[in-house]
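This report describes one protein model, working from the overall fold down to single residues.

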Amino acid sequence: LAHIPVERDRFSVFTSYDHPFAGLPSVSLAEALRQIMVFPPLNSRENDSPLLHRIFRPSQSDDYSSQNLEECLLQVALGRGIAILPRSSVGPQYTVCSVPISDVIDSFTMDLLWDPQRTTPLMERFLSLAETQIDPEAL
């Protein structure tokens, strides 16, 4: 497969706007893990939630496992708990606050992938346009 790096991303804490973390410049992972968590669904195509469940901590009795990303963010917006998700998975249409995790510096690159043997004029045009939108300084 051929690929073009598109964006660097990292995990962030998402909270309701009235949560004590909202508006803070950052929170530590230890602080976040003491909160009630709203987990994205297991086996979701929207994110690697099984990985999230293993990395951050096992589910506790007050935690909430959502059915999809929209429900996860709705529960967060309603103050049910916080979510730890890749920053890019939450668009501006959601009424939640993003807070960086101060001691989780790991980031990952999102890439555009394609089979180079299956090129068409439309695919070549798409790739050309995609490359003009990428900021190499952000990678």
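The model is predicted, so local features need pLDDT of at least 70 and side-chain atom pairs count only at pLDDT 80 or more, while totals for chains, interfaces and linings use all residues. Residues are numbered from 1 along each chain as its sequence is written, and side-chain values use heavy atoms, with hydrogens and water left out.

**Chain overview**

The protein chain has four helices and seven strands; helices (H or I, at least four residues) and strands (E, at least two) are DSSP runs, numbered from the N terminus. Along the sequence these elements follow the pattern β-β-α-β-α-β-α-β-β-β-α. Of the 139 residues, 39% count as buried, where buried means under 20% relative accessible area, exposed over 50% and partly exposed in between (1.4 Å probe, protein chains only). The accessible surface of the protein chain comes to about 8600 Å², and carbon and sulfur atoms hold 53% of that area; the areas come from the Shrake-Rupley method with a 1.4 Å probe, and for residues only the protein chains shown count as cover. Among contacts (heavy atoms within 4.5 Å) with a separation of 6 or more, 73% join residues 24 or more positions apart.

Three strands form an open sheet in the order 5-2-6, with antiparallel pairing; two strands pair if DSSP finds at least two bridges between them. Strand 5 (83-86) and strand 6 (97-100) are the edge strands, and each has a single partner strand, so one side of each lacks a neighbour in the sheet. From one strand to the next, the twist averages 40 degrees. Strand 2 (residues 11-15) pairs with strand 5 in the antiparallel sense over four bridges, and Phe11 stands opposite Pro86 in strand 5.

Helix 3 (residues 69-77) lies across strand 2 and strand 5 and runs at about 135 degrees to strand 5. Axes are lines fitted to C-alpha atoms, for helices over the stretch in contact, and angles run from 0 to 180 degrees between N-to-C directions.

**Buried residues**

Gln75 lies in helix 3. Leaving aside residues up to four places away in sequence, Gln75 touches Val38, Tyr64, Arg80 and Gly81.

| Residue | Relative accessible area | Class |
|---|---|---|
| Cys72 | 0% | buried |
| Cys97 | 11% | buried |
| Gln75 | 13% | buried |

The structure holds zero disulfides, a disulfide being a pair of cysteine sulfur atoms within 2.5 Å.
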